[in-house]
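Here is a short briefing on aromatic contacts. Please keep the structure open while reading.

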Amino acid sequence: FLHTSRLEGFPLAVLEAMASGLPVVAYHAASLPELIEHGRSGYLAHTDPEFLESAVALVGSRGLRERMGREAATRIDQDFRWERTVAGVREAYQEITR
């Protein structure tokens, strides 16, 4: 999945792609470094040439796409499930009100 925006704060399209088992190539911007583990679940690029190089690397290697896609899906499943998010928000509110 190629995410070409440099301006989105927390792009749901990236979460959805990763949850679907797709590795992501994106720019190192906003919250993307919190989602994508560079070299494991996708690539984070700092420059346009680096972005294109990362995209070409994935296109050229089915094994790499599949491995990174599994990593991406696992990352979302472990760290970004709604149940976990809700529990974290609940915990934060409880802490504030103590």
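## Aromatic pairs

Tyrosine 27 is buried, at a relative accessible area of 8%. The model is predicted. It holds 2 aromatic pairs.

**The tilted pair: phenylalanine 10 and phenylalanine 80**

- The ring centres of phenylalanine 10 and phenylalanine 80 are 6.3 Å apart.
- Their planes stand at 45°, so this pair counts as tilted; stacked would need under 30 degrees and edge-to-face over 60.
- Phenylalanine 10 lies in the loop between β1 (2-3) and α1 (12-19).
- Phenylalanine 80 lies in the loop between α4 (62-79) and α5 (82-97).
- The pair therefore ties together parts that are 70 residues apart in sequence.
- Phenylalanine 10 is partly exposed, with 39% relative accessibility.
- Phenylalanine 80 is also partly exposed, with 24% relative accessibility.

**The stacked pair: tyrosine 27 and phenylalanine 51**

- The ring centres of tyrosine 27 and phenylalanine 51 are 4.7 Å apart.
- Their planes stand at 15°, so the pair is stacked.
- Tyrosine 27 belongs to strand β2 (residues 24-27), and phenylalanine 51 belongs to helix α3 (residues 48-59).
- This pair therefore links parts that are 24 residues apart in sequence.
- Phenylalanine 51 is buried, with a relative accessible area of 6%.

**A charge over the ring of tyrosine 27**

- Arginine 6 places its charged end over the ring of tyrosine 27.
- The distance from that charged end to the ring centre is 3.8 Å.
- Tyrosine 27 thus has two ring contacts here: the stacked pair with phenylalanine 51 and the charged end of arginine 6.

Methods
Residues numbered from 1 in each chain as written. Predicted model: local features only at pLDDT ≥ 70, side-chain atom pairs only at ≥ 80, totals over all residues. Heavy atoms only, no water. Phe/Tyr/Trp six-rings, centres within 6.5 Å; stacked < 30°, edge-to-face > 60°. Helix = DSSP H or I, 4+ residues; strand = E, 2+ residues; numbered from the N terminus. Buried < 20%, exposed > 50% of the residue type's maximum accessible area, 1.4 Å probe, protein only. Lys NZ or Arg CZ within 6 Å of the ring centre and 35° of its normal.
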